[in-house]
Amino acid sequence: MQIIVAITGASGAPYAIRLIQALVEEKLEVHVTISAAGARLLKHEMGIAVDLRNFSVKSLLGKTTTRVVYYHHDYISAPIASGTFPIDAMVVVPCSMSTLAGIAAGLGNNLILRAADVTLKERRPLILVPRETPLGLIAIENMASVTRAGACVLPAMPALYNRPKTVQEMVDFVVGKILDQLHIRHELFRRWGE
Ligand SMILES: Cc1cc2nc3c(=O)[nH]c(=O)nc-3n(C[C@H](O)[C@H](O)[C@H](O)COP(=O)(O)O)c2cc1C
């Protein structure tokens, strides 16, 4: 299975890192691209400094792995910009309102927007993990548009009924919900009734 993970500039960088770790642990191939604001949030929220032009997987995950393939967000002729590349699904996590708007409008003018557009046109699963509050009508309408186009809007909204004790548990809950959408088995949270 090959999954695209795009990191954009909404609050929630820990969700992206945890998701990539979980996919790598599952021995999947992860195609990563990061917006400029996404890199800023990685630094601000997690102290992770990535050089988008001279990228190393170690700077992102703290270790090297051949399972992560990285593309600069300007690299519009990257393999994942084409529907011929056999991607199984794409996750934008966290998804900024700006990137959400670009996907809803079908802009395709950076690799993240182009890959998302391709994912939709090829009728492959596209999972968007927005974080903003309160939501304005433009964002709500954009969420409705992408949902009509086939995307799954999965807001970064950790549940509290499982009484999380740490931020990591809250992060794992959201990442577990993403993995559920990808039909990947996991034990990141206990299911209701378990
Ligand atoms: C510290 C910080 C936190 C932000 N949090 C959010 C957020 O939670 N949601 C959001 O939509 N935008 C947020 N933004 C704004 C986006 O980063 C900004 O709109 C950016 O242009 C998005 O670009 P991108 O979609 O290319 O990543 C935040 C910006 C900063 C600096």
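1. By class, the shell around the ligand consists of 7 polar, 4 nonpolar and 2 charged residues, where Ala, Val, Leu, Ile, Met, Phe, Trp, Tyr, Cys and Pro count as nonpolar, Asp, Glu, Lys and Arg as charged, and the others, Gly among them, as polar. The shell holds 13 residues, the closest being Gly9, Ser35, Ser96, Thr99 and Arg131; a residue is near the ligand if one of its heavy atoms lies within 4 Å of it.

2. The model is predicted, so local features need pLDDT of at least 70 and side-chain atom pairs count only at pLDDT 80 or more, while totals for chains, interfaces and linings use all residues. Residues are numbered from 1 along each chain as its sequence is written, and side-chain values use heavy atoms, with hydrogens and water left out.

3. A polar side-chain atom of Ser96 lies 2.5 Å from a ligand oxygen atom, a backbone N or O atom of Gly9 lies 2.6 Å from an oxygen atom of the ligand, and for Ser11 a backbone N or O atom is placed 3.0 Å from a ligand oxygen atom. Of the 640 Å² of accessible area that the ligand has on its own, the protein covers 63%, with areas taken from the Shrake-Rupley method with a 1.4 Å probe.

4. Two elements give two or more residues to this shell, namely α2 (36-46) and α4 (97-104), and the largest share, 3 residues, comes from α4. Helices (H or I, at least four residues) and strands (E, at least two) are DSSP runs, numbered from the N terminus.

5. Strand β1 (residues 2-7) is mostly covered, since 6 of its 6 residues are buried, where buried means under 20% relative accessible area, exposed over 50%, and partly exposed in between (1.4 Å probe, protein chains only). In a regular strand the side chains alternate between the two faces of the sheet. In β1, Gln2, Ile4 and Ala6 point one way and Ile3, Val5 and Ile7 the other way, and all are buried. The strand runs parallel to β2 (residues 29-34), to which 6 bridges join it, pairing being assigned if DSSP finds at least two bridges between two strands; Ile7 stands opposite Ile34 in β2.

6. Leu113, in helix α5 (residues 111-121), has a relative accessible area of 6% and is therefore buried. Leaving aside neighbours within four places in sequence, Leu113 is in contact (heavy atoms within 4.5 Å) with Thr99, Gly102, Ile103, Leu107 and Gly108. The C-alpha atoms of Leu113 and Gly102 are separated by 6.4 Å, although the two residues are 11 residues apart along the chain.

7. Some backbone geometry deserves a check. Most residues other than glycine have a negative phi, and most peptide bonds are trans. The peptide bond from Val93 to Pro94 is cis, with omega near -15°, and Pro94 has its place in strand β4 (residues 89-95). A cis peptide bond also joins Thr133 and Pro134, with omega about -10°, and Pro134 is found in the loop between β5 (126-130) and α6 (137-148).

8. Arg123, in the loop between α5 and β5, has a positive phi of about 60° although it is not a glycine, and at 71% relative accessibility Arg123 counts as exposed. His183, in the segment after α7 (167-181), likewise has a positive phi of about 60° without being a glycine, and its relative accessibility of 74% means that His183 counts as exposed.

Methods. A polar contact is a pair of N or O atoms within 3.5 Å; within protein, one must be able to donate a hydrogen and the other to accept it, and residues adjacent in sequence count only if both atoms are side-chain atoms.
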